[in-house]
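Student: I would like to learn how to read a protein model step by step. Could we look at one together, taking one feature at a time?

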Amino acid sequence: MTPITTAGLPIREYILVGLISATLTYLLTGLVRRFAIRAGAIANPRARDVHVIPIPRMGGIAMYLGVAGGMALAHQLPVLRRAFEYSFDPVGVLLGGLVIVLIGAVDDRFEIDAWTKLAGQVLCAGLLVIFGVQWNVFWVPWSGNGDALGSVVILDSNQGSLLVVLLVVLLVNGMNFVDGLDGLAAGLGFIAAAATCAFSLGLLSSSGGDVGSYPPALIAATLAGACLGFLPHNFQPAKIFMGDSGSMLIGLMLAGATTSASGKISYVRFGGSDALALLSPLLVVVAVLFLPMLDLVMAVIRRTRRGESPFAADKMHLHHRLLEIGHSQRRAVLLIYLWAGLLGFGAVSLTLFDTAAVLWVVGLGLVLAALVSVIPRLRSRNQQGAA
């Protein structure tokens, strides 16, 4: 990729929009909490839950209002208005987000069945597609000619639309599955959105100000702000849960941001042998959501092998296993933050900085994270051996 420079990048504007989203979400969450209590949207403790007292949910409503406020401000800023003038991606994400938050809010109150939620997710993905949020090109690591590594597949509208629907369903349910500890989904959403925003700004710089990079950066910045503003209310001990209204919003917006950033990327400026540049969009998408998606896949395999529905609940998610090892709720959440941050920002750094240096730093970080993760189990074994 072209060397990255910060000169001319609207970084301060994106930070301002993110902070406005965070502030609005933080201030509105208290009001939404009161509304959830009056509406009866309460999460009563179940066998698989970690919390032991009833806690209101529907926090996704406050998060969506924070996102909408941030985007409204961006529309008034001359620089960031380009995200709306040359693309309908932010509008599509706003409308799809509104619908999915309403579906999630109904589920937070009445607990609708899984197939109805799935139909709603597909509907929201369709709204993204209608507003142009879809994949136009897709890189594959085969059929390269000469020095070119792999080839670029041009997708028609049906293929691009189907890919968006699959991505939305995967990310929405991945975030939903991982939402099991106080602050976990909000923190992962912040990390993923911040990494996606950084990647989009890198594209904006390397492309010389291509307006196509403004929408994904805006979507990611407002989502990062909403997650950050919600965290003080949701970190252990949580005063409110985001519920399906929040986790599904995060998944939808991440799908919208990554599709907007990667689905229309121009591969012309990448060298044919620059594998990292060619892979970077997919690396970022996969890395920032590696943990929730891995948790989702393992849960589906686990439940299917037992002859259960893939949507059946259990207490064997990654966060449950960390608690079983001996970590406290807060430490388990912080550990998952660490893993997600290393993978997500490591993938972004690979596209911006020297590859060897980034690999060394990320490798050392992963080793440290692995050691910290298993310390309680090693300590327990030593105590058992001493006894």
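Predicted model: local features only at pLDDT ≥ 70, side-chain atom pairs only at ≥ 80, totals over all residues.

Student: At what angle do α2 and α8 pack?

Tutor: The axes of α2 and helix α8, which covers residues 214-234, are 9 Å apart, and the packing angle is about 135°. An angle over 145 degrees would count as roughly antiparallel, and 65 to 115 as roughly perpendicular; α2 and α8 are therefore oblique to each other. The crossing of these two helices, α2 and α8, is right-handed.

Student: Is M63 buried or exposed?

Tutor: The general idea is to look at the relative accessible area, where a value under 20% counts as buried. M63, found in helix α2 (residues 59-76), has a relative accessible area of 0%, so M63 is buried.

Student: What is M63 in contact with, beyond its neighbours within four places in sequence?

Tutor: With those neighbours set aside, the contacts of M63 are T25, A226, C227, F230, M242, G246, L249 and I250. Take L249 from that list: M63 and L249 are 186 residues apart along the chain, while their C-alpha atoms are separated by 8.4 Å. Across the protein, among contacts with a separation of 6 or more, 76% are between residues 24 or more positions apart.

Student: Where do helices α5 and α9 meet, and how do they cross?

Tutor: In α5, residues K117, Q121, C124 and L128 meet D244, M248, L252 and G256 in α9. The axes of helix α5 (residues 114-130) and helix α9 (residues 243-262) come within 11 Å and cross at roughly 35°, and this crossing of α5 and α9 is right-handed.

Student: What span should helix α6 have, and how far apart are its end C-alpha atoms?

Tutor: The expected span is 1.5 Å times one less than the number of residues. Helix α6, residues 157-178, has 22 residues and should therefore span 32 Å, and its end C-alpha atoms are 32 Å apart, which agrees.

Key
Residues numbered from 1 in each chain as written. Heavy atoms only, no water. Helix = DSSP H or I, 4+ residues; strand = E, 2+ residues; numbered from the N terminus. Buried < 20%, exposed > 50% of the residue type's maximum accessible area, 1.4 Å probe, protein only. Contact = heavy atoms within 4.5 Å. Axes fitted to C-alpha atoms, helices over the stretch in contact; angles between N-to-C directions. Parallel < 35°, antiparallel > 145°, perpendicular 65-115°, else oblique. Left-handed = near helix turned anticlockwise from the far one by under 90°.
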